[in-house]
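Biologist: I am new to this model. Please show me how to read a few of its features.

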Amino acid sequence: MKITDARVFVGGPKKNYVTLKIMTDQGVYGLGDATLNNRETLPAKYLQDYLIPNLIGMDPRNSEDIWQFLYRGAYFRRGPIAMAAYGAIDMALWDIKGKLANMPLYQLFGGKSRDGAMCYAHATGADLEDLMDSVAAYVDEGYKAVRVQCGIPGMPTASYAVPEEKGARNYITDYSGIRPTVEIWDSGKYMRFMPEALMRIRERFGPELHILHDVHHRLTPREAAEFAKAVEPVGLFWLEDPTPADDQDALKLLRRHSTVPVAIGEVFNSIYDCNKLIEQELIDYIRVAVTYAGGITHVKRIVDLAALHHVKTGFHGAPSHSPLCMAAQAHLNAWAPNFGVQEYLVLGTPECDALFPSEHRMENGMVYVSDAPGLGVDFDETEVARYEYQPGSHPVVRLEDGTMWNY
Ligand SMILES: [Mg+2]
């Protein structure tokens with residue numbers, strides 16, 4: 001069996017999804033997601049110029065050897081662009097494998113450990129009252145887990161994942177062109193406000209709701225330790241990205257002062273970004289995404305390492321992940337003995353469903369994986385032609401005196 005061709009498509013409804021389609025001499029094709037949010041053209045170019053010419057003629061069933069060829073074969077390894085490109089190839093090869101076996105991918109991993117996988121929604125508010133309304137709406141929809149982000153009194157701009165105006169549900173600010181907008185941040189104001197706000201959410205919604213909160217890498221290790229200690233009575237499901245994720249030692253101080261569960265890793269792209277965090281048991285949830293952590297082959301290794309150290313999964317599920325990445329994660333979630341929770345923001349709009357038809361379904365805040373062979377998601381090439389690439393950027397963050405800070 002041979003790979004005969006592969007094509008890359010960039011486009012989608014309100015997102016520049018980067019979709020790889022690998023064709024074979026037996027008519028079976030595989031699909032993969034290479035979307036790297038706001039840098040979408042780079043993995044697309046890497047695939048087109050360097051990787052696809054090497055894939056032609058290879059046996060698509062040898063997904064492990066092809067992964068090793070991509071990773072070990074590159075002298076300059078890792079990084080989100082390369083790993084997103086490898087991730088798309090690996091996802092597509094697993095898709096082909098599942099279709100050849102006529103089995104959904106979770107069966108090839110070892111079958112189901114659960115029927116539905118718990119997801120968490122994003123509740124946001126310009127102020128606490130607004131946030132309470134947003135949480136209540138998700139609880140009414142059946143969600144058992146909700147991430148809560150709130151406007152901070154006295155902060156000159158809305159901070160990460162918070163709308164400017166009350167009642168505005170769409171806080172995604174990355175469609176504004178190549179030049180980023182600027183958000184102003186003050187860790188002091190945040191740390192004085194947020195623990196009490198989180199406690200009021202707990203009091204309003206009771207002990208059963210899983211409350212998650214994302215610090216988005218904004219605190220120093222000492223501040224993060226103080227904050228984690230302060231929010232301990234809230235009983236959070238997790239505290240996400242309390243410190244910049246590139247320092248694997250940064251969480252040691254937090255661990256010495258608090259037992260609040262910690263989640264990190266949405267910007268990681270390899271097992272070498274998190275092996276110390278996992279082996280030293282400094283985290284409770286690993287947040288990698290199948291796309292830019294090198295695909296199913298590599299993420300499954302991370303999940304297995306995590307399982308040895310009581311670390312559960314909490315895969316990234318930002319709107320930038322296409323339904324192909326979310327399907328790969330849904331299959332891993334159905335299998336993983338150490339599944340924790342899934343972030344889920346790919347809302348089933350008619351446009352997205354037309355581009356990526358599938359039988360995966362969301363019900364009462366749980367995802368139920370499709371039994372279709374492979375990833376269980378198809379791709380409509382005529383639909384994607386409706387969309388053009390739209391340049392975008394994440395905001396940048398400055399302190400009130402102008403100093404650059406972590407987005
Ligand atoms: Mg996050």
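Biologist: Between which domains does the largest pocket lie?

Modeller: Rolling a probe the size of a water molecule over the atoms shows where empty space is left. A pocket is an open set of points, on a 1 Å grid over the protein atoms alone, where a 1.4 Å probe fits, with protein on both sides within 12 Å along at least five of seven lines; lining residues have an atom within 4 Å of a point. Here domain 1 (3-107) and domain 2 (111-373) both give residues to the lining, so the largest pocket lies between them; the domain bounds come from an automatic or database domain assignment. This is a predicted model, where local features need pLDDT of at least 70 and side-chain atom pairs count only at pLDDT 80 or more, while totals for chains, interfaces and linings use all residues. Residues are numbered from 1 along each chain as its sequence is written, and side-chain values use heavy atoms, with hydrogens and water left out.

Biologist: How much space lies in the largest pocket, and which residues are closest to its centre?

Modeller: The largest pocket holds about 1200 Å³ of space, a volume being the space filled by probe spheres set on the points, which are joined across faces, edges and corners. Its lining has 46 residues, and those closest to the centre are His 216, Glu 266, Val 267, His 394 and Tyr 407.

Biologist: How many disulfides does the structure hold?

Modeller: A disulfide is a covalent bond between the sulfur atoms of two cysteines. The cut-off is a pair of cysteine sulfur atoms within 2.5 Å, and the structure holds zero. Cys 119 is in no disulfide, as the nearest cysteine sulfur, that of Cys 325, is 13 Å away.
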